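This report walks through one protein model, moving from a helix to a sheet and then to one residue inside that sheet. Keep the sequence and the structure in view while reading.

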Amino acid sequence: MKTIFRAVAPLCASLALFAGVAHAQDAGGAEGQGLAASAVVPARLSTSDRAWVAKIEQALNRSLTFEAHIQQIDAEGKRTTGTVWMKRPGQMRLAYDPPSPLLLVASQGKVVFRDNQLDQTSVIPMDRTPLGLLLAEHVSLSDGVVVTAFRHEGGLVAVKLVRTAQPGDGSLTLVFYENPLALRSWSVVDAQGRETRVTLSDVHPGADIPASLFDLPAQPED
């Protein structure tokens, strides 16, 4: 059971990055819109490939809560650490360690990103993020997302995903150890082609998480 949570934890943590992707796309204007309009090309999956995708999907659906430490390396090589909590369906919190002023909370169908240093708060609908699908009551890697690449070699299984309706929101690549099925690494590429990588440590599956952790930060008035 612990290996299953090793698989799901970083997926939900990735929601933070995909929220950032959507925010960057809004700022990027025509560039992001052009990517979103491009056609999605599904990977050609063999019967064996499809079986592995199904195993990953089943593992995600068995996972309900977790707490873990993360290490994130962004496109500029900056290293950041923090803690992530997830409770399906629909709740996630990512708090970066000091001196980072950043906090992200996903709840009530929203992703709220808070920068305390700049005193700025951004709100993005959860369904704008490809990984919002992974906080759903039922996780599907075929309904609403497309597998655009798959690799299985050297004891590793890698799958690349984009959101069907808005591929320009970015892509997520997950790399799992084959046996037992456990996440090794993952990366997010945003609408401008910038890549961010995240690794996990000290994973606590089935954590008893206080509901208050998912209280949304104060949001700007419309």
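## A helix residue and its surroundings

Asn61 is found in helix α3. The model is a predicted one. Is Asn61 buried, exposed or partly exposed? Its relative accessibility is 22%, and a residue is called buried under 20% and exposed over 50%, so Asn61 counts as partly exposed.

Which residues does Asn61 contact, apart from those within four places in sequence? They are Arg88, Glu137, His138 and Val139. Asn61 and Leu135 are 74 residues apart in sequence, while their C-alpha atoms are 9.7 Å apart in space.

## The sheet

The model has an open sheet of eleven strands with antiparallel pairing. The strand order is β6-β5-β4-β3-β2-β1-β11-β10-β9-β8-β7. Strands β6 (120-125) and β7 (145-153) are at the edges; each has a single partner strand, so one side of each has no neighbour in the sheet. From one strand to the next, the twist averages 20°. Helix α3, residues 47-62, packs on this sheet and touches β7, β8 (156-163) and β9 (171-177). The direction of α3 makes about 110° with that of β7.

Strands of a sheet pair through backbone hydrogen bonds, either parallel or antiparallel. The table lists several of the pairs in this sheet, with their bridge counts.

| Strand pair | Sense | Bridges |
|---|---|---|
| β1 and β2 | antiparallel | nine bridges |
| β1 and β11 | antiparallel | seven bridges |
| β10 and β11 | antiparallel | four bridges |
| β7 and β8 | antiparallel | eight bridges |
| β8 and β9 | antiparallel | seven bridges |

Phe66 has Met86 in β2 as its bridge partner. His69 stands opposite Ser201 in β11, and Val188 is opposite Thr196, also in β11. Leu161 has Leu172 in β9 as its bridge partner.

Two of the pairs form hairpins. Between β7 and β8 there are two residues, and Gly154 in the turn has a positive phi of about 60°. The hairpin of β10 and β11 has five residues between the strands, and here Gly193 takes a positive phi near 80°.

Why is β8 described as largely enclosed by the rest of the structure? Six of its eight residues are buried, so the description applies to the strand.

## A residue in strand β2

Thr83 belongs to strand β2, which covers residues 79-87. Is Thr83 buried or exposed? Its relative accessible area is 10%, and the limit for buried is under 20%, so Thr83 is buried.

Leaving out residues up to four places away in sequence, Thr83 touches Glu67, Ala68, His69, Arg93, Leu94 and Ala95. With one of these, His69, the contact is also polar: the two side chains make a polar contact at 3.3 Å. Strand β1 covers residues 65-73, and its pairing with β2 is antiparallel.

Terms used
Residues are numbered from 1 along each chain as its sequence is written. This is a predicted model: local features need pLDDT of at least 70, side-chain atom pairs count only at pLDDT 80 or more; totals for chains, interfaces and linings use all residues. Side-chain values use heavy atoms; hydrogens and water are left out. Buried means under 20% relative accessible area, exposed over 50%, partly exposed in between (1.4 Å probe, protein chains only). A polar contact is a pair of N or O atoms within 3.5 Å; within protein, one must be able to donate a hydrogen and the other to accept it, and residues adjacent in sequence count only if both atoms are side-chain atoms. Contact means heavy atoms within 4.5 Å. Two strands pair if DSSP finds at least two bridges between them. Axes are lines fitted to C-alpha atoms, for helices over the stretch in contact, and angles run from 0 to 180 degrees between N-to-C directions.
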